[in-house]
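Here is a friendly walk through one protein model, meant to be read with the structure open beside you. We begin with a pair of helices and then widen the view.

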Amino acid sequence: MAKRWVATRYGDLDGLELQEVELPAPGPGEVTISVRAAGMNPADYKRVLQGTDTSALPHPVGFEVAGELTALGEGTEIASGRGSIGDRVLAFRISGGYASAVTVPAKDVFALPDALDFPEGANLLLAGCTAAEMLHVTGARAGETILVHGASGAVGVSVLQQARQLGVTVIGTAGEHNLDVVRRFGGEAVTYGPGLADRVREAAPEGVAAALDTVGTDEAVDVSLELVADRSRIVTVAAPARAKQDGFRAIGGAMPESAAYRDRVRADLIAMAGRGDLVVPMARTFPLDQGREALDLLQSQHPGGKLALIP
């Protein structure tokens with residue numbers, strides 16, 4: 001048996017229940033992980049609050065975990081090769097990660113680098129893969145300067161680190177109290193709010209080649225459109241309606257093209273983290289049974305880093 005959080009209805013966090021479920025033994029191509037940390041992302045509470053497919057209820061929550069292998073299906077290796085009982089691993093993209101244990105496809109499981117603890121490993125890939133795709137679809141390359149809206153958030157911080165590895169300069173927007181986060185990870189920090197376009201021009205007088213939006217505000221979109229002439233080099237993960245209206249790119253993990261790209265870059269991001277070139281700033285951990293409280297914090301304020309549930 002295992003414990004896991006499931007959404008029994010959509011629309012509010014009170015619809016979440018911590019249930020005991022029978023954990024299936026892994027078949028060929030599957031492994032079982034004893035979860036030591038479940039990563040937390042805005043996509044988790046958005047699925048609970050905004051879900052509409054009632055046929056999917058009760059719906060397990062959580063896309064990424066880190067833990068230890070406890071069983072492997074016959075003839076099965078994990079995605080990074082081999083795999084033995086007791087190995088430290090991380091898994092993404094899975095379903096039902098807010099749990100004490102999971103049985104998941106082995107193709108989504110990788111060895112956890114020694115450089116990362118369990119909470120960090122459990123929070124590496126959803127944000128990291130999103131950041132990688134944003135840089136990819138905008139064609140960011142060495143010597144260019146790009147604009148990143150929401151650069152102090154989880155995806156923004158990963159963009160900052162990955163851009164640095166590419167030789168790309170980042171102008172990153174953030175609130176006044178988070179400007180130091182942007183600077184810490186190598187970005188030129190500017191505050192959002194009235195006059196943003198002028199502040200970006202001052203920080204990057206040669207102009208910005210691309211704009212990456214992680215926040216979805218009209219200000220972020222309007223400034224991106226004002227400063228980047230080539231709309232194929234503007235991307236959002238948070239304003240799909242504006243993207244459709246104004247003719248720029250929106251991406252998301254549920255889109256087949258996005259999912260395929262993100263799956264391809266998982267191993268590269270894990271290797272980067274293993275070298276110390278991609279870190280995961282953590283803010284706080286919660287016991288597994290405080291899943292509602294943790295999601296409430298995640299959706300209601302900027303927690304200052306990533307959150308994890310600890311079984």
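In helix H3, the residues Ala-127, Gly-128, Thr-130, Ala-131, Ala-132, Met-134 and Leu-135 meet Ala-154, Val-155, Ser-158, Val-159, Gln-162, Ala-163 and Leu-166 of helix H4, where contact means heavy atoms within 4.5 Å. Sorted by class, this contact of H3 with H4 has ten nonpolar, four polar and no charged residues. Here Ala, Val, Leu, Ile, Met, Phe, Trp, Tyr, Cys and Pro count as nonpolar, Asp, Glu, Lys and Arg as charged, and the others, Gly among them, as polar.

A word on the source: this is a predicted model, in which local features need pLDDT of at least 70 and side-chain atom pairs count only at pLDDT 80 or more, while totals for chains, interfaces and linings use all residues. Residues are numbered from 1 along each chain as its sequence is written, and side-chain values use heavy atoms, with hydrogens and water left out.

**Two helix pairs**

Helices (H or I, at least four residues) and strands (E, at least two) are DSSP runs, numbered from the N terminus. Axes are lines fitted to C-alpha atoms, for helices over the stretch in contact, and angles run from 0 to 180 degrees between N-to-C directions.

| Helix pair | Residues | Axes come within | Crossing angle |
|---|---|---|---|
| H3 and H4 | 125-137 and 154-166 | 8 Å | roughly 55° |
| H6 and H7 | 196-203 and 218-227 | 10 Å | roughly 50° |

The axes of H3 and H4 cross at roughly 55°. That makes H3 oblique to H4; angles under 35 degrees count as roughly parallel, over 145 as roughly antiparallel, 65 to 115 as roughly perpendicular and the rest as oblique. H6 and H7 are likewise oblique to each other. The crossing of H3 and H4 is right-handed, and H6 also passes H7 in a right-handed crossing. Right-handed means that the near helix is turned clockwise from the far one by less than a right angle.

Where H6 meets H7, Leu-196, Ala-197, Val-200 and Arg-201 in H6 touch Glu-219, Val-223, Glu-226 and Leu-227 in H7. The residues of this contact divide into five nonpolar, no polar and three charged.

**Backbone details**

Most residues other than glycine have a negative phi, and most peptide bonds are trans. The bond from Leu-57 to Pro-58 is cis, with omega near -5°, and Pro-58 lies in the loop between helix H1 (42-50) and strand E4 (59-60). A cis bond also joins Phe-92 and Arg-93, with omega about 10°; Arg-93 is in the loop between strand E6 (88-91) and strand E7 (101-105).

Arg-82 is not a glycine, yet has a positive phi of about 55°. Arg-82 sits in the loop between strand E5 (65-72) and E6, and counts as exposed at 68% relative accessibility. Buried means under 20% relative accessible area, exposed over 50%, and partly exposed in between (1.4 Å probe, protein chains only).

**A residue in E5**

Which residues does Glu-68 touch, not counting those up to four places away in sequence? They are Thr-32, Ile-33, Ser-34, Arg-36, Gly-86, Asp-87 and Phe-118. Glu-68 lies in strand E5 and counts as partly exposed at 27% relative accessibility.

**The whole chain**

The protein chain has ten helices and 16 strands. Of its 311 residues, 52% count as buried.
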